[in-house]
Amino acid sequence: MLKNLCKKMFGRSLWVYHANSGGCNGCDIEVLNALTPYYDVERFGIKLVGSPRHADVMLCQGPAMRSTAKALMRAYEAMPSPKLVFAVGSCACGGGIWHDSYSVIGPVEKILPVSYYIPGCPPRPEAIIYGVAVALGLVKKKVAPVEFKQPEYTIPLYHPGDRLPENKSEKS
Amino acid sequence: MSVMSKIKETIICLKAGRVTLPYPADPQPAPPAFRGRPIFDASKCIGCGGCAGNCPAREILLLDICQEIRILKYLGRRCAYCGRCADVCPEKAITMSKEFENATDTIGDIGQTLELFMSTCQRCGRCFKEQSPLEQLKMKGYRFDDMQNERWIFRSQSYLGDAPFTDDIKIEME
């Protein structure tokens, strides 16, 4: 039983390459915090490697910037497949606060196919471990889209005739 | 002496015991001052758009599809969890929850979309009346934010629908 459990828990060791393409270093520190003995990610077989050629997973931090997008692309192409890309932090997930400025292209998913998103600014080390655990299949994801819709119009439209095209043409 | 110091270190390490958190199996509560995902309460929201005007990441979008219905869309993807929207909300419809386990494989999971009913003034036909001339300068009439490309549309700039902000990335990639 224990062997099966271990096989289930530690069957796949993810070797992690950690690429910062213009972030503020906050997510880097949280990722390194997750590697400390306090939040020990090596119990999942996760190991930080220095080269993308050894890695299975790329942790992207920071948005895709004009100056670093090409290097990020090359690092992704150097990884052997199958490969996963994690977008850590709100910069990598959505481009961050400066998503529409000149030097920022946008989220990492404009350059690379991103498989898992870990939002947060910066995400807590627990949140990063939770994202990895979602990827390994240990836990289920908690978030779901929320949509609130009006069941019916409580009063009729103000000038419903104005919105019809034939009435507009008559008036003008 | 070095052997003695090693033994001392070993004893200290053994005394400390296990310090690793059994995290995914054992949930860890967030500290009390932690700000997590904002939760929008559609029953309290009056649709004033203050959160959309104050969001530093410009990710709360408004779209007035007709006179009475206003769509408020919170993307969540580039949220910095600063809590400004909760501060500025006059009805306290936005609460900063302590949820931080937001990891997902589709980015649409962390968005929230509210369809709000706006009652109009029968005389002027507007949703509400602005108070000061400064506020009238800030927001005049409707807003048509781009839901497809998830961007604001600034009134001062002309804007083409499908044009990306930076188009020369394709040139740099070659």
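Predicted model: local features only at pLDDT ≥ 70, side-chain atom pairs only at ≥ 80, totals over all residues.
Me: What makes β8(A) and β5(B) paired strands?
Reply: Pairing needs at least two bridges. Three bridges join β8(A) to β5(B), so the two count as paired. They run parallel, and one of the bridges links A:Val146 with B:Gln112.

Me: Why are β8 of chain A and β2 of chain B said to stand at the edges?
Reply: The open sheet has four strands in the order β8(A)-β5(B)-β3(B)-β2(B), with mixed pairing. β8 (146-148) of chain A and β2 (60-64) of chain B have a single partner strand each, so each has one side without a neighbour in the sheet. On average, neighbouring strands here are turned by 15° against each other, ignoring direction.

Me: Why is B:Asn102 called buried?
Reply: The cut-off is 20 or more other C-beta atoms within 10 Å. B:Asn102 has 23, so it is buried. This residue sits in the loop between β4 and β5 of chain B, and its contacts beyond sequence neighbours include A:Pro119, A:Val143 and B:Ile110.

Me: What makes up the side of chain B that touches chain A?
Reply: Chain B brings 45 residues to the contact and chain A brings 48. β5(B) gives the most to chain B's side, five residues. By class, that side has 22 nonpolar, 13 polar and 10 charged residues.

Notes
Residues numbered from 1 in each chain as written. Chains lettered and ligands numbered in written order. Axes fitted to C-alpha atoms, helices over the stretch in contact; angles between N-to-C directions. Buried ≥ 20, exposed ≤ 12 C-beta atoms within 10 Å, placed from the backbone. Contact = placed C-beta atoms within 7 Å. Nonpolar A, V, L, I, M, F, W, Y, C, P; charged D, E, K, R; others polar. Lists of a residue's contacts leave out its neighbours within four places in sequence.
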